[in-house]
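Hi everyone, thanks for coming.

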Amino acid sequence: TLEGVSTWPFETSLLKQREFWRSVVCGRYADKKVCVIISDALRYGVAEELADRFRAADRYTAKLEPMVGMLPSYTQLGMAALLPHEKLHFGIPHDGRVMADGRSTAGLEARQAILAAADPKGATAVRAEDVLSWTRAELDACTHDHHVIYVYHNVIDAAGDDAKTEGETCAACARAMDDIVALVKKLAGPSHVSSCLVT
């Protein structure tokens, strides 16, 4: 039983989701301009197929790495865990909100503020649909001003989490892969970001 348990130690050599910013963005990719594409409800099978698409292309390489998620497993906590933070906690009164070092992580503006405060070289958060519609000038401006760009993509979860559209989840997975390939093609390159991380 977990009743009364305040901590749940988990010893593993695998990357933990809550360590993503510190270990990956500021660790492995500290010297690179990086884009993090966060696609809500993207699961392993879709990620493997997506990686195969990139491997089949001449100019890209791709590899899959596991990451241990947060418990309880739900969107707000998972999204918060990927942001810069020392400590996560639930908002009071508890309504599902997650706070990172006392700051709300709900919504794009809150995430932009947390990212901007954490990276002196410039970090921001944007919506995938906005990136896909950017002109070359808008793309150049964003990648010039920011060392880290978090791109939030919500196609699979938007379909699968609604009883009216859950039957369209497989089609949403295919559309999500198309979107992510388009995002990487748009963002990656010598004058833009050097690495794209999809989670």
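Predicted model: local features only at pLDDT ≥ 70, side-chain atom pairs only at ≥ 80, totals over all residues.

Let's begin with helix α8, residues 169-187. Helix α8 lies across β2, β8 and β9, and runs at about 170° to β2.

Those strands belong to an open sheet of 4 strands, in the order β7-β8-β2-β9, with parallel pairing. What stands at the edges? That's β7 (123-127) and β9 (195-198); each has a single partner strand, so one side of each is left without a neighbour in the sheet. On average, neighbouring strands here are turned by 20° against each other, direction ignored.

Zoom in on β2, residues 34-39: 4 bridges join this strand to β9, and the two run parallel. Ile37, for instance, stands opposite Val198 in β9.

The largest pocket has a volume of about 1,600 Å³. Its lining has 49 residues, and Val198 turns up again here: along with Glu65, Met67, Leu197 and Thr199, Val198 lies nearest the centre. Elements giving two or more residues to that lining include β2 and β9 from our sheet, but the largest share, 5 residues, comes from α2. By type, the lining divides into 30 nonpolar, 11 polar and 8 charged residues.

And the second largest pocket? Its volume is about 730 Å³. It is lined by 20 residues, and Thr7, Trp8, Arg18, Met70 and Leu71 are the closest to its centre. Strand β4, residues 88-90, gives the most to this lining, with 3 residues.

Notes:
Residues numbered from 1 in each chain as written. Heavy atoms only, no water. Pairing = 2+ DSSP bridges. Axes fitted to C-alpha atoms, helices over the stretch in contact; angles between N-to-C directions. Contact = heavy atoms within 4.5 Å. 1 Å grid on protein atoms, 1.4 Å probe; cavity = no way out; pocket = protein on both sides within 12 Å on 5 of 7 lines; lining within 4 Å. Points joined across faces, edges and corners; volume = space filled by probe spheres on them. Nonpolar A, V, L, I, M, F, W, Y, C, P; charged D, E, K, R; others polar.
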